[in-house]
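Colleague: I am new to this structure and would like to learn how to read it. Could we go through it one feature at a time?

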Amino acid sequence: MTNSRPAGTVADAKSPPGVFVHPRGLCESDTVGPGTRIWAFAHVMPGAVVGAGCNICDHAFIESGARLGDRVTVKNITLVCDWVTIEDDVFLGPNVLFTNDFRPRAEVRKDRGELTPTVVRRGATLAAGVIVVTGTEIGEYAFVGAGAVITRDVPAHALVLGSPARPVGWACRCGERLTDKLICPACGAAYKPATPGTGLRAAGAGEPPGRLPGPAAPRV
């Protein structure tokens, strides 16, 4: 088994194949997809599931029972706890915090089944300092602004801000804010309401381009 380690460092025989683990990072899970990078002082606990091509930055903590899809970015000092599911292509900014217990007490020990699941759907962005209260669902390509506190479900493509978070508009798949006519001023994608209460969906057949013109941004 060959591990992707920087030259001159000692390989960790427990790291899954094709996974980069920084010499000061700790990966105890054997369910991590190829191309994933785990940086200094990040900790992926045993029993956590991490997909391919993820980027787990410094001091991030992925608890046992957490599930991350492919190409997820977890920025510095972010906590993804048990019973949290992160789908593909989600961006978790620095200092994002998830909870999984509505009524925690230090002296009350609870079984895992007494905790509450949280889901972040494909392509969503959670900016720096977001707090996600347990039991909520954040829809596809939703955009949660910095410092927001999520206490209720967020519809697909919704742009939410504040504490508690409130909807202030809609976000394109490319990240730009939509106009009042639900058209992206950057990439031209058009949207229309989906099933009531679930947010937006593409106005035409298939998915909108959702991407700014020009070359793709380099992977970092």
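Modeller: Bear in mind that this is a predicted model.

Colleague: Where does Gly25 lie, and which residues does Gly25 touch beyond its sequence neighbours?

Modeller: Gly25 sits in the loop between β1 (20-21) and β2 (26-27). Leaving aside residues up to four places away in sequence, Gly25 touches Trp39, Ala40, Phe41 and Ala42.

Colleague: How should I read a nonpolar core, and which residues have the most contacts inside the largest one?

Modeller: In soluble globular proteins, nonpolar side chains tend to be buried together. Here the largest nonpolar core has 39 residues, and Ile86, Phe98, Leu126 and Ile138 have the most contacts inside it. The elements giving two or more residues to this core are β11 (84-86) and β20 (158-161). A second, separate core has eight residues, among them Cys172, Leu178, Cys187 and Ala189.

Colleague: What does Ile86 touch, not counting residues up to four places away in sequence?

Modeller: Among the contacts of Ile86 are Arg67, Leu68, Gly69, Val72, Val80, Leu92, Phe98 and Val120.

Colleague: Next, charged pairs. How many salt bridges does a search of the whole structure find?

Modeller: The search finds seven. In one of these, Asp82 pairs with Arg112, and the closest N and O atoms are 2.9 Å apart. Asp82 is in the loop between β10 (79-80) and β11, and Arg112 is in the loop between β13 (97-98) and β14 (118-120), so the pair links distant parts of the chain, 30 residues apart.

Colleague: Are Asp82 and Arg112 buried or partly exposed?

Modeller: Asp82 is buried, with a relative accessible area of 8%, whereas Arg112 is partly exposed at 42%.

Colleague: Which residue does Glu140 pair with?

Modeller: Glu140 forms a salt bridge with Arg122, with 3.4 Å between the closest N and O atoms. Glu140 lies in the loop between β17 and β18 (143-144) and Arg122 in the loop between β14 and β15, so the pair ties together parts 18 residues apart in sequence. Glu140 is partly exposed at 31% relative accessibility, and Arg122 is partly exposed at 24%.

Technical notes
Residues are numbered from 1 along each chain as its sequence is written. This is a predicted model: local features need pLDDT of at least 70, side-chain atom pairs count only at pLDDT 80 or more; totals for chains, interfaces and linings use all residues. Side-chain values use heavy atoms; hydrogens and water are left out. A nonpolar core is a set of buried Ala, Val, Leu, Ile, Met, Phe, Trp, Tyr and Cys residues joined through side-chain atoms within 4.5 Å. Buried means under 20% relative accessible area, exposed over 50%, partly exposed in between (1.4 Å probe, protein chains only). Helices (H or I, at least four residues) and strands (E, at least two) are DSSP runs, numbered from the N terminus. Contact means heavy atoms within 4.5 Å. A salt bridge is a side-chain nitrogen of Lys or Arg within 4 Å of a carboxyl oxygen of Asp or Glu.
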